[in-house]
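Hello,

Here is the structure I promised to pass on. Have a look at it first, and then read my notes below.

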Amino acid sequence: MSDAAFTIAIDGPAAAGKGTISKAVAAHFGFRHLDTGLLYRAVGAQVLLGMEPLQAAQRLSADMLEGSNLRSPEVAQSASRVAVIPEVRAALLDFQRSFARRAGGAVLDGRDIGTVICPDAEAKIFVTASADVRARRRFEELVGAGAAISFEQVLADVLERDARDRDRAEAPLKPAADAVTIDTSTLDIEAAVAAAIRAIEDRRA
């Protein structure tokens, strides 16, 4: 299949490295990239300001994806809560699918890209890592940004979010049956990106 309709779906839990890998993969192949988690974070941010979740999803615009507060722990938890609402997921579905089939190829990362959003994606990758490793990465990121938070709190947040994502009735977090799983617990970013590129090259071949 030509690059005009080549979709790469990259899923995984929080702080597994899927965002960094997705950006590197998109740059390597010259594809456009969409962090679908930002859609839910943007909706979650609007909900924290008092808007109803469905209304926030329906009114979502590109400029709302640029907010500097979208990476905060509060917004992350709000995003996880709105992501379990079927109507919110449905409102964001068309946007994601349209992006996925754009000319020139596309990389989408999230939690249900390979299973729900783009089940026919030409390449699917599931990026994971242990909860402790992921919490340590997120903790260092937050502390580096000046947040006053303990490692124990970050770990609790990661475990809570994992459970909510994994156990929700609508589009639960799980690898697609035909996804290549990459565990980044003991990999540096260069090795993880290389593994992802090899997996995608295999599918393109």
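A word on terms: a residue is buried under 20% relative accessible area, exposed over 50% and partly exposed in between, with a 1.4 Å probe and protein chains only. Helices (H or I, at least four residues) and strands (E, at least two) are DSSP runs, numbered from the N terminus.

This is a predicted model, in which local features need pLDDT of at least 70, side-chain atom pairs count only at pLDDT 80 or more, and totals for chains, interfaces and linings use all residues. Residues are numbered from 1 along each chain as its sequence is written, and side-chain values use heavy atoms, leaving out hydrogens and water.

Let's start with strand S1. Five of the five residues of S1 (residues 7-11) are buried, so the strand is largely enclosed by the rest of the structure. In a regular strand the side chains alternate between the two faces of the sheet. Here Thr7, Ala9 and Asp11 point one way, while Ile8 and Ile10 point the other way.

As for its neighbours, strands pair if DSSP finds at least two bridges between them. S1 runs parallel to S3, joined by five bridges, and Asp11 has Gly110 as its bridge partner in S3. Four bridges link S1 with strand S4 (residues 123-128), also in the parallel sense; there Ile8 stands opposite Ala123.

Best wishes
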